[in-house]
Amino acid sequence: MSDTHSYIDDDILKYVKQADEVWHAGDIGKLDVTDTIKKIKPLRAVYGNIDDTKARMEFPENNRFMCEGVDVFITHIGGYPGKYNQRVRELLYQNPPKLFISGHSHILKVMPDKKLNLLHMNPGAIGKHGFQNVRTMLRFTIDGSKIDNLEVIEFKK
């Protein structure tokens with residue numbers, strides 16, 4: 001998920017409860033959002049451009065980790081294949097992850113980067129703040145080194 005902008009409700013939490021782990025790609029807003037998620041499931045998150053000092057002290061700007069056999073890199077402002085943000089471009093080119101997740105645009109997009117041999121995901125925005133008409137998040141499985149069963153979860157604004 002990404003771009004909650006301080007918003008969380010029972011509809012979102014229904015999916016949180018079904019997950020093994022929740023990943024948040026920034027613009028959390030109030031830490032009540034992440035505190036609520038952490039009470040239910042393990043959470044990995046990064047801060048976004050709207051997040052305050054408290055969020056920046058709790059969460060990193062970039063979060064890179066292994067999930068089973070998948071090298072994952074999460075950041076808030078990351079761009080897209082061929083148009084990566086300058087801040088992360090060199091990191092991606094020097095040592096590409098298998099899965100690159102970013103938020104910020106409020107536009108859901110999943111696309112391969114054939115040049116770097118990675119999968120890019122932007123889950124869109126799940127919060128109610130922003131221009132999006134449909135709030136979205138992604139759900140998928142990782143089994144060994146395989147990313148599978150990708151689902152788009154949509155909510156009305």
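Predicted model: local features only at pLDDT ≥ 70, side-chain atom pairs only at ≥ 80, totals over all residues.
The largest nonpolar core counts 19 residues, and an open sheet of 5 strands is described below it.

**Annotated span**
- UniProt, in an unreviewed entry, lists residues 1-143 as "domain: Calcineurin-like phosphoesterase".
- That stretch, residues 1-143, is 23% helix and 34% strand, and its end C-alpha atoms sit 20 Å apart.

**Nonpolar cores**
- In the largest core, the residues with the most contacts inside it are Met-1, Ile-12, Val-16, Val-22, Ile-37, Met-137 and Phe-155.
- Two or more residues of this core come from each of helix H1 (10-18), helix H2 (32-40), strand S2 (43-45) and strand S11 (146-156).
- Looking past its neighbours within four places in sequence, Ile-12 touches Met-1, Tyr-7, Ile-126, Arg-135, Met-137 and Phe-155.
- Another core, of 13 residues, lies apart from this one, and Cys-67, Leu-99, Ile-101 and Met-121 are among its members.

**The open sheet**
- Its 5 strands run in the order S3-S4-S7-S9-S8, and the pairing is mixed.
- Strand S3 (62-67) and strand S8 (108-113) each have a single partner strand, so they form the edges and one side of each has no neighbour in the sheet.
- On average, neighbouring strands here are turned by 15° against each other, direction ignored.
- S3 pairs with strand S4 (residues 70-75) in the antiparallel sense, over 6 bridges.
- Within that part of the sheet, Cys-67 is found opposite Val-70 in S4; Cys-67 also belongs to the core of 13 residues.

Conventions
Residues numbered from 1 in each chain as written. Heavy atoms only, no water. UniProt positions renumbered as here; feature names shortened; annotations may be inferred. Helix = DSSP H or I, 4+ residues; strand = E, 2+ residues; numbered from the N terminus. Core = buried A, V, L, I, M, F, W, Y, C linked by side-chain atoms within 4.5 Å. Buried < 20%, exposed > 50% of the residue type's maximum accessible area, 1.4 Å probe, protein only. Contact = heavy atoms within 4.5 Å. Pairing = 2+ DSSP bridges. Axes fitted to C-alpha atoms, helices over the stretch in contact; angles between N-to-C directions.
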